[in-house]
Amino acid sequence: MEMAMGFGSAVKPYASAAGSPVTSTAIRLSKEMVGRGFSPLVAVRKCGCPGVRSRSSPRKGISCSVSSATENTASEKKNQLVTRRDVRNIAIVAHVDHGKTTLVDAMLRQAKVFRDNQFVQERVMDSNDLERERGITILSKNTSISYKDTKINIIDTPGHSDFGGEVERVLNMVEGVLLVVDSVEGPMPQTRFVLKKALEFGHAVVVVVNKIDRPSARPDFVINSTFELFIELNATDEQRDQGKAGLSPDNLADDLGPLFETIIRCIPEPSIDKDGALQMLVSNTEYDGHKGRIAIGRLHAGALQRGMEVKVCTSEDACRVGKVSELFVYENFSRVPVETVEAGDICAVCGISDIMIGETIADKNTGKPLPAIKIEEPTVKMAFSINTSPFVGREPKPSRSPLPRARKNLAMKVDDGETADTFIVSGRGTLHITILIENMRREGYEFMVGPPKVINKRVDDKLLEPFEIATVEVPEEYMGAVVELLGKRRGQMCDMQGLGFLTGIDVKQVRGDFTDQVQDPHPGAPRAEELDADVSRGTAVLNTVFDSYGPWAGDISTRDQGSLVAFEDGNTTSYALFSAQERGQMFVSPGTEVYKGQIVGIHQRPGDLSLNVCKKKAATNVRSNKEQTVVLDTPLTYSLDDCIEYIQEDELVEVTPQSVRMCKNPKIVKKK
């Protein structure tokens, strides 16, 4: 286990899985370095690590004490491999909002990727519009830096549990990971998930305890908690070995030199078969309007050249021939065209239009497929269908983007539905599928989606459903109400501990991250707004991650309130809405065009209620001295995520390029 501390963070090195020697390093770095350009002031002093190449530095003020396990005997095949000492491949993994992308920003600045006078926006790796709007990383992205004649390929990964498939795929391209942990929150549910996967791959792990300059930081506790997590995940003795190399907590470095030295010293060089037949496992894909589909992966053996004819193989030995039209490697913050890529490096390949994640680009004559990528199965599904509302076609926006069937990957599956105009999209969570919906909406598609449903399994005639671990951070005065609410949703208490002025509650719950209506007609965990507003007064933080499949937990009470449904087509009026708002909260304002069956509000009682929101005040020949003043409540504004979270089994969300509406499902209404 290797640890480093950054941005007010602490990191201790943990050993890699599968017995590769890994040391432990504690490095503490100041948050201010992000804005300074990171002039190198401190580097790690020479320390001997058995089985690990040491580096030296003329700087003083850093103590080092490292312990390392004896390296296991490699297999006969691995003995025939050679290592590339000029390359390191790492992925940065963490729980959401623990500082992965910000750490990449700092590493790019430290490596002088940008000019001193160049304006660089914060979280430069989050280039997608949705990523910037939501403040999260959705897609894994590649970059690289150079440090002391060594190229360090860096992969920034998502932190949300719904995008865990992105993390699992990119772990095939690296030999080590930087595990970023917040100095206040410590290991969270997604921290456990990504660490478990890294250990399964046998990767070296450098733990970076981030943000130690926060007033409530507790780096020592976080380091111990992370080490306990290694033990809980059955890490080997070598993986649990720790050492320290870095600055004291009160003497922070002004640059990332100690972290770079830790990466060079403790992340293994890639082992390659330099003279073997070409093999490259496609771990990710991108789409470019001019170049088409781009395959990204690490070259395991041989060399790849531009214009080369190759064999594209699947794990089932089904092969086809393709040609590499363009070839790129990652240098600093861009893709650079090259003629040849040697084994051990990460590259991007163009020219194979039907390439898919998990396939192998191999030598045309003697190439063989690499083992397939295995990731966790999807746990939630949603039905997509054509738009059948009266407003269909009113917002034309031609799209040339690929249909959802062409976007499926190992973490997202697309299957045929019950009818020809319906298909089922399965993913790792509602956010995973919602991002697909939002992207399609912005690309010009219009369609309807049904409520999320969990994917159950039947094993030995027993019905199993997915369980997840939910971690809630809440002030102590609201702890009882939160525990009671989770208990109503059949949550099982796993752990509770004080976090200063907060209390951390770990609960194993059923149908949790799949919104409030996830199984016909069962709900999942409490909706975010229910937990936030009704119980904790806006102070609770809820994080979840998939745990395992378990026995069906039984029925759970459904949504308490029904919907207000438009009675007829037309434009809403102030006169009608003034009467309608007495029945519940409205979604629409005066002058909004609605259609029969559209959901226009939340009923204050169970069951749906149809009402006329387009009624106009009758005209009479009686002259009034003063018009009656109508005071309307501010209507609720629901986003796409809120709408999907709200709907029940007999309701749909209508998605168009400019609008998001909810309506009753006419097929189910007719059956009733």
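## A walk through the model

Select Lys211: with a relative accessible area of 22%, this residue counts as partly exposed. Here, buried means under 20% relative accessible area, exposed means over 50%, and partly exposed lies in between (1.4 Å probe, protein chains only). Lys211 sits in the loop between β9 (204-210) and α6 (219-232). Helices (H or I, at least four residues) and strands (E, at least two) are DSSP runs, numbered from the N terminus.

Before moving on, note that this is a predicted model, in which local features need pLDDT of at least 70 and side-chain atom pairs count only at pLDDT 80 or more, while totals for chains, interfaces and linings use all residues. Residues are numbered from 1 along each chain as its sequence is written, and side-chain values use heavy atoms, with hydrogens and water left out.

**Two backbone stops**

Stay with Lys211 and look at its backbone: phi is near 65°, a positive value in a residue other than glycine. Most residues other than glycine have a negative phi.

Now select Asp149, in the loop between β6 (141-147) and β7 (150-156). Its phi is also positive, about 65°, although Asp149 is not a glycine. Is Asp149 buried or exposed? At 79% relative accessibility, Asp149 counts as exposed.

**Into the core**

Next, select Val177, Leu179, Leu195 and Val205. These residues have the most contacts inside the largest nonpolar core, which has 35 residues. A nonpolar core is a set of buried Ala, Val, Leu, Ile, Met, Phe, Trp, Tyr and Cys residues joined through side-chain atoms within 4.5 Å. Helix α5 (residues 189-200) supplies the largest share of this core, five residues. The core also draws at least three residues from each of domain 1 (82-268) and domain 2 (279-362); these domain bounds come from an automatic or database domain assignment.

Which residues does Leu195 touch? Not counting residues up to four places away in sequence, Leu195 touches Leu179, Val205, Leu229, Phe230 and Leu233. Contact means heavy atoms within 4.5 Å.

For a second, separate core, select Met412, Tyr445, Val653 and Met662, which are among its 26 residues.

**A covered helix**

Colour helix α8 (residues 257-266) by accessibility. How many of its residues are buried? The helix is mostly covered, with 10 of its 10 residues buried. Among them are Phe260, Ile263 and Ile264, as well as Glu261 and Arg265.

**Salt bridges**

The whole structure holds 27 salt bridges, each a side-chain nitrogen of Lys or Arg within 4 Å of a carboxyl oxygen of Asp or Glu.

Arg85 is in the loop between β4 (82-83) and β5 (87-94), and Glu269 is in the loop between α8 and β11 (271-272); the pair links distant parts of the chain, 184 residues apart. Arg85 is partly exposed at 49% relative accessible area, whereas Glu269 is buried at 16%.

Next come Arg428 and Glu168, with their closest N and O atoms 3.0 Å apart.

Then select Arg306 and Glu339, joined by a salt bridge at 3.2 Å between the closest N and O atoms. Arg306 lies in the loop between β14 (303-305) and β15 (309-313), and Glu339 in the loop between β18 (334-337) and β19 (340-342), so the pair ties together parts 33 residues apart in sequence. Arg306 is partly exposed at 44%, and Glu339 is partly exposed at 47%.

To see a network, select Glu168, Lys197, Glu200 and Arg428, joined by salt bridges that share partners.

**A buried glutamine**

Jump to Gln581, in the loop between α13 (574-580) and β34 (584-586). Gln581 is buried, at 16% relative accessible area. Beyond residues up to four places away in sequence, Gln581 touches Met586, Val631, Leu632 and Asp633. Its side chain reaches the backbone oxygen of Val631 at 3.2 Å.

Finally, colour by pLDDT, the predictor's confidence in each residue, from 0 to 100. The protein chain averages 75, and 72% of the residues score at least 70. Over residues 2-79 the pLDDT is below 50, and over residues 512-529 it stays under 50. Where pLDDT is low, the predicted coordinates should not be read in detail.

Notes. Polar contact = N/O pair within 3.5 Å; in protein donor to acceptor, adjacent residues only side chain to side chain.
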